[in-house]
Amino acid sequence: MNSFHLPELAKQYTQYDMIRLHTDVPDFPEARSRLLLAFLKESGNAGKAAENLTLAVALVQMGIDIHEMVSVSNQVKEKKAVRSRQLKVLAGDYFSSGYYQLLSEAGQIEMVEQIAGSICEVNRLKMTLYARIQQMKLTADEYLQRMTVIRAQLFARFDHLMKNGLGKAWHGILESFACCELLADELDHCGNPDKFWDSWAYWRIREQGYAEALRQLESSADRKEQVASLMQKCRIKEQLLQLLDEQVGYLYEKAKLLDSDRLMQELLQTGDPFLRMVRQPPAAGGAMR
């Protein structure tokens, strides 16, 4: 039985009918949250205090994630789409506000300022990334590295709460988990033309000599089939699986260096979904090898 119950606790802040009716709710950042909670508890932080802090960070992350779902253009006029856009903005602010309540009620006032600082840093990192994208100067490796740091940022600044040398291991393990999450999401979105333009796959295909094909694709009415064709030609899924396999290997090696068997087992259990992704058998007729 999965004893990690924070996703259920988060629903009291995220599962409102008005939000669910008009927009999707981002996934709870389970791997990063389980990791933070496990490290905090192993460091001797009280269970309730550790849970409050972890839930607060997760809610902020969900607020940031739903803001990422807001379309850049404000030209949409259809009533349903306008309402969805408005609800994404409001829901993101609402999710994020939950951390004030959680931490203030728990008397963890100093953490409010720390998380606010992390939010500012996330926004700064994103602005730097978007500038690189606009300049078309990004590489696939740089995209992966920058996106990993962005994903890890909210959870990164708690090494001062970790004892017995755990603070030294925290950042490396956290970034490995964040990278695994990112690669898993990229695999889930493979072939989705709506996700393609903001993906590792786009930059990798561009690097492989298909910049002109990508430019033509922007004005094509047959995007889905053409995106799928480019993904298959460039063996994007195979490359993503290889990257995930390597990252899972790094993660397991780092976990085995921990002094705590309990923490090591928690990390291995949390990383198991990523391991299953790289060990799954190929689909019939698929391109996986």
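Let's start with helix α13, residues 236-256. At 1.5 Å a residue, its 21 residues should span 30 Å, and its end C-alpha atoms are 30 Å apart, so the two agree. The expected span here is 1.5 Å times one less than the number of residues. Helices are DSSP runs of H or I, at least four residues, numbered from the N terminus.

A word on the source. This is a predicted model: local features need pLDDT of at least 70, side-chain atom pairs count only at pLDDT 80 or more, and totals for chains, interfaces and linings use all residues. Residues are numbered from 1 along each chain as its sequence is written, and side-chain values use heavy atoms, with hydrogens and water left out.

Back to α13. Which of its residues are buried? The list is Ile236, Glu238, Gln239, Leu240, Leu241, Leu244, Gln247, Val248, Leu251, Tyr252 and Ala255. Buried means under 20% relative accessible area, exposed over 50%, partly exposed in between, with a 1.4 Å probe and protein chains only. These buried residues pack against α8 (166-188), α10 (200-207), α12 (223-233) and α14 (261-279).

Take α14 next. Threonine 270 lies in that helix. Its relative accessible area is 7%, so threonine 270 counts as buried. What does threonine 270 touch? Leaving out residues up to four places away in sequence, it touches Ala31, Arg34 and Phe177. Contact means heavy atoms within 4.5 Å. A polar atom of the threonine 270 side chain also lies 2.8 Å from the backbone oxygen of glutamate 266.

Now helix α4, residues 47-68. Its 22 residues reach 32 Å from first C-alpha to last, close to the 32 Å expected. α4 is mostly covered, with 16 of the 22 residues buried.

On to the core. The largest nonpolar core has 87 residues. Such a core is a set of buried Ala, Val, Leu, Ile, Met, Phe, Trp, Tyr and Cys residues joined through side-chain atoms within 4.5 Å. Phe39, Leu53, Ile115, Phe158, Phe196 and Leu267 have the most contacts inside it. α8 gives the most to this core: 12 residues. Look at phenylalanine 39. Beyond four places in sequence, it touches Met162, Leu166, Trp170, Ile173, Leu263 and Leu267.

For cysteine 180, the nearest cysteine sulfur is that of cysteine 179, 6.3 Å away. Cysteine 180 is buried, because its relative accessible area is 0%. Cysteine 190 is at 26%, so it counts as partly exposed.

Notes
Helix = DSSP H or I, 4+ residues; strand = E, 2+ residues; numbered from the N terminus. Polar contact = N/O pair within 3.5 Å; in protein donor to acceptor, adjacent residues only side chain to side chain. Disulfide = S-S within 2.5 Å.
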